[in-house]
Amino acid sequence: MTTRIQAAENALASVRVEGLDPSVAEPLLDRWARGELTDKQLDEGARRIAAGEPLTDLLGPVHA
């Protein structure tokens, strides 16, 4: 069974293989992998990334 962390790592690796910048998806995937976002929120984030829309309100405050 693939964990959320493994799934997030695989997704970022795929982004890199495609030659894309993972910095946009990384905060979204990190929050999802830690269980801070639901699958539905992850899907919404992916839709926003594809549409070039901001993730600010979806991600909320960024934790250091």
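**Figure 1. Order of elements in the predicted model.** From the N terminus on, the elements run α-α-α-α. The protein has four helices and zero strands, where helices (H or I, at least four residues) and strands (E, at least two) are DSSP runs numbered from the N terminus. Its radius of gyration is 11 Å, close to the 11 Å that the globule rule gives for 64 residues, so the protein is as compact as a globular protein of that length. The radius is taken over C-alpha atoms, and the rule is 2.2 Å times the number of residues to the power 0.38. This is a predicted model, in which local features need pLDDT of at least 70, side-chain atom pairs count only at pLDDT 80 or more, and totals for chains, interfaces and linings use all residues. Residues are numbered from 1 along each chain as its sequence is written, and side-chain values use heavy atoms, with hydrogens and water left out.

**Figure 2. The largest nonpolar core.** This core has 12 residues, among them Ala8, Leu12, Trp32 and Leu55. A nonpolar core is a set of buried Ala, Val, Leu, Ile, Met, Phe, Trp, Tyr and Cys residues joined through side-chain atoms within 4.5 Å; buried means under 20% relative accessible area (1.4 Å probe, protein chains only), exposed over 50%, partly exposed in between. Helix 1 (4-17), helix 2 (26-33) and helix 4 (56-59) each supply at least two of the core residues. Helix 2 gives the largest share, four residues.

**Figure 3. Surroundings of Leu28.** Leu28 belongs to the largest nonpolar core. Not counting residues up to four places away in sequence, Leu28 touches Leu37, Gln41, Leu42, Gly45, Ala46, Ile49, Leu55, Leu58 and Leu59 (contact: heavy atoms within 4.5 Å).
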